[in-house]
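Work through each task yourself, then compare with the steps below it.

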Amino acid sequence: MGSLNIGIVAHVDAGKTSLTERLLHHTGVIDQIGSVDTGSTQTDSMEMERRRGITIRSAVVSFAIDGLQVNLIDTPGHPDFIAEVERALRVLDGAILVVSSVEGVQAQTRILMRTLDRLRIPVLIFANKIDRVGARYQDLLDSIGEKLTPRRLAMSAVTDPGTGRARSLPLPLSGGGRGASVADLLAEESDAFLESYLGDAGHLTERDYRAELTRQVRQALVVPVYFGSAVTGEGVGELLRAVKEFLPPSAGDPSARLRASVFKIDWVPGGEKVAYARVHSGRLAAREPVGTYRRDRTGEVVEGNGKVTSVRVFAHGTTTRETVAGPGDIAKVHGLAQVQVGDQLGSPEGLPTGGFFAPPSLETVVRAARPEQTVQLYQRLQRLAEEDPLIDVRRNEAEQSISVALYGEVQREVIRDLLMDRYDIEVIFEETTTVYVEKVVGIGRGLDVIGQNEFPATVGLRIEPGPSGTGVRYLIEVEPGGLPAAFHKAIEETVRQTLRQGLHGWEVVDCVVTLTDTAYFSPVTSAGDFRKLTPLVLMTALREAGTTVHEPVNQFDLEVPDDTVRAVMSRLAAARAIVDQCEARGPVSRLHGTIPASSVHDIERQLPGLSHGEGVFVSTLSGYRRTTGSPPTRRRTDGNPLHRKEYLTHVLKRG
């Protein structure tokens, strides 16, 4: 039996969790359909998800379509949890993008479709809620073609949209008077199909059309659009048939080296960690050692190992069975105590080098309401970071404070509730602030040689600006063989760690650091000497070069009722936003532009009052721009030696 891993993605409230329930019911996995409102769905298993009525963590369920094993991943729709969506996208063979026939193409929908297209993930669109008042058909198809993909193809028609009598009717490809238009669409990407069509269109059958459509959908060249209702089940059967026919089944060599991606971490009663992993190649079995691979903040691959104690493959609904996992399987893996979300098991081949979405641009300080729980709070936040590494937990020893990175205010509330529900830790959050970055202005040099410092080592470094978006690039001008590899590694790792806090306390990005001088005194010198000396030299170079502080700027999409545009535009101007596109479509206006990330929270908070509660605002980090006036500073942590007392002592000794 073949397998297929698909994800359901959507703007919040488009109905993806309800669609998941309907798919499970249609395939016989459940007898009664759960409700998001009552918290009885299969995939929203967290108590907090049931209370809030939103998906927070990705969930896996399994069902079969005529012998095809389908693993379905229900992902969050709220933009604060976009990192959870990113992790799911890495393990998919295809996706169902849910669009509301009433609300239409929304801001988050566009972000998701752009990402799916960039990753070349085959997509089926399901236009949901055709039975709801205000449901649209042709207008929605036009909007999908304009805002999501021009290569969309309607696969169903709708009668009586917007009423309880709404029905979804399958459309033929070659008949019904639309064979020519479908042929034109398919011929754009297939010379062979074009030749056959021009040679004798009458000999092309419905089967020929569907075969060519299947080929192009699997190559992410065409996006079929189905209409239906997750509540009534209308159109769901046709969607299931499309999943089997058009989406590509999982591929992979079971005899090759193991390669599996960890996209979720969970915990079972008793505190044991469970990793959710999709196997790409090889076989994953219990009682066998497994290597783990991840990239650290510097981009270097970090290798670990562990021994798997249990492998349970998804089989039916949320139930699993103990077995060996092969290519295409999604399994719960027990025994890997150090594994984290984003790790790859078995092989570092194909390990991602970066994310699809921008990292969080906000941070907040979190404190335990009961000071005696501060240590426990840090430990529990570290555990949450294993589920979501992008929260980037930091501790300031001097002030006994802890900070976390965030995408938005809803995520902050979820972290607060998780700490209380799971660990009985009440926390207090300070005001959310923006995460700035520093960029190098000029060229700076630093050099400390043996005999002129207290370390048996010589380090020389040069720092200069690098291209935008390149992070920290490290180069070596010295002869590599003149220094043991362990010492070279110590210098590079320390350079990257040191640059996490620049002259104003923010991370230094987009720069080139070059190692210009090295020496050591064998057998006295150790890697530790280079780790202590490197930040002192780098600080000297950084001060000479100078840095400027840059604020994150978000690209935003905003939808508001037409009669509220004036008030919204006024507020956007006050927030230093730049609107570069404003389009009115009936009663709704859509605005696009850029806005400082520091202003996003205020806009989100004020938008309901400005737009009669109907505004939709989604933003993602698009870049950075230099701040004006006095540059904002960040409270230092003790994690960077160049900010400690030893640096001042070192400078004074050198005179």
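**Exercise 1. Find the charge that sits over the ring of Tyr276, and give its distance from the ring centre.**

Solution. The charged end of Lys264 lies over the ring of Tyr276, 4.8 Å from the centre. The test is that NZ of Lys or CZ of Arg is within 6 Å of the ring centre and within 35 degrees of the ring normal. Tyr276 also belongs to a cluster that ring pairs form with Phe263 and Phe314.

Before going on, note that this is a predicted model: local features need pLDDT of at least 70, side-chain atom pairs count only at pLDDT 80 or more, and totals for chains, interfaces and linings use all residues. Residues are numbered from 1 along each chain as its sequence is written, and side-chain values use heavy atoms, with hydrogens and water left out.

**Exercise 2. Count the aromatic pairs, then examine the one formed by Phe556 and Phe617.**

Solution. Start with the rule: rings of Phe, Tyr and Trp (its six-membered ring) pair if their centres lie within 6.5 Å; planes under 30 degrees apart count as stacked, over 60 as edge-to-face and the rest as tilted. The count by this rule is eight aromatic pairs. For Phe556 and Phe617, the centres are 5.7 Å apart with 25° between the planes, a stacked pair. Strands here are DSSP runs of E, at least two residues, and helices are runs of H or I, at least four, numbered from the N terminus. Finally, check burial (buried is under 20% relative accessible area, exposed over 50%, partly exposed in between, with a 1.4 Å probe and protein chains only). Phe556, at 0%, counts as buried, and Phe617, at 9%, counts as buried too.

**Exercise 3. Check the span of helix α10 (residues 374–387) and list its buried residues.**

Solution. The expected span is 1.5 Å times one less than the number of residues. For the 14 residues of α10 that gives 20 Å, and the end C-alpha atoms are 20 Å apart, which agrees. The buried residues of α10 are Leu377, Tyr378, Leu381, Leu384, Ala385, Glu386 and Glu387. One of them, Tyr378, has Arg395 over its face, at 3.9 Å from the ring centre.
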